[in-house]
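Let's take a walk through a protein together. Have a look at the structure first, and then we'll pick out some spots worth a visit.

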Amino acid sequence: TVIRNYHELMGKLFDKSKKNTRVSKKYQQYMEVIGDNIEKEVSLINVLLSATKLDDGHLELNKEPVDIINSIEDGIMGHEKEANEKGLYLKFNKPKDLLTFPKVFGDKIRIHEIIDNLISNAVKYTNTGGLEIRVENNKEFVRIMFIDTGAGIAEKELKNLGKKFYRSNQYLTNREERVHLVRPGGTG
């Protein structure tokens with residue numbers, strides 16, 4: 001609905017944009033909203049398709065060497081705008097041996113998906129401060145650490161991480177009225 005409404009408004013502004021620079025700016029803003037929402041929808045569809053394949057035992061992993069440094073940088077770039085809007089920092093402590101840092105062996109798409117999800121959650125659930133990412137190579141494995149200043153997850157909730165559509169702190173509470181509202185979103 002959001003995409004359709006903005007698309008309709010863009011059509012009306014398009015003819016006017018040649019005459020008025022203020023309208024051209026609006027046109028550009030609408031295009032950004034459409035682009036952002038298209039990306040969100042495609043991402044959600046891909047997550048749901050992957051979850052269905054996983055449930056059916058048909059998720060294929062294409063293992064190949066993956067540049068984890070590049071994957072992290074791409075993930076950060078994808079969330080910079082949102083972090084900046086919230087006044088959060090995104091810091092990546094790159095390893096000193098950057099030129100010789102090993103590639104990891106795994107499914108490139110799934111690795112990107114995991115990194116993106118972790119960065120997205122850190123930005124989404126952090127109100128002040130930000131996220132710092134570190135990598136270590138112990139010659140056998142590469143370890144990635146995500147350290148954020150967000151609210152965190154209660155210890156009793158940790159056992160449920162990764163469950164399909166599970167969300168920690170599922171309800172929002174209106175303190176004045178003591179009403180519990182289900183929080184939207186979340187794919188687990």
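Start at Leu158, which sits in the loop between strand 5 (142–148) and strand 6 (171–174). Keep in mind that this is a predicted model.

Now zoom out. The protein chain has 4 helices and 7 strands, and from the N terminus on they run α-α-β-α-β-β-α-β-β-β-β. Of the 188 residues, 23% are buried. The chain exposes about 14,100 Å², with carbon and sulfur atoms supplying 53% of that.

How many does a search of the whole structure find? It turns up 3. One of them joins Glu73 and Lys94, whose closest N and O atoms are 2.6 Å apart. This pair links distant parts of the chain: Glu73 is in helix 3 (residues 68–86), while Lys94 is in the loop between strand 2 (89–93) and strand 3 (104–107), 21 residues apart.

Arg110 and Glu113 make another salt bridge, at 3.0 Å between the closest N and O atoms. Both lie in helix 4 (residues 108–124), 3 residues apart, about one turn of the helix.

Finally, Glu132 and Arg134 meet through their side chains in a salt bridge (2.9 Å, N to O). Glu132 has 15% relative accessibility, so it counts as buried, whereas Arg134, at 35%, is partly exposed.

Technical notes. Residues numbered from 1 in each chain as written. Predicted model: local features only at pLDDT ≥ 70, side-chain atom pairs only at ≥ 80, totals over all residues. Heavy atoms only, no water. Helix = DSSP H or I, 4+ residues; strand = E, 2+ residues; numbered from the N terminus. Buried < 20%, exposed > 50% of the residue type's maximum accessible area, 1.4 Å probe, protein only. Areas by Shrake-Rupley, 256 points an atom, 1.4 Å probe, with all protein chains shown as cover. Salt bridge = Lys/Arg side-chain N within 4 Å of Asp/Glu carboxyl O.
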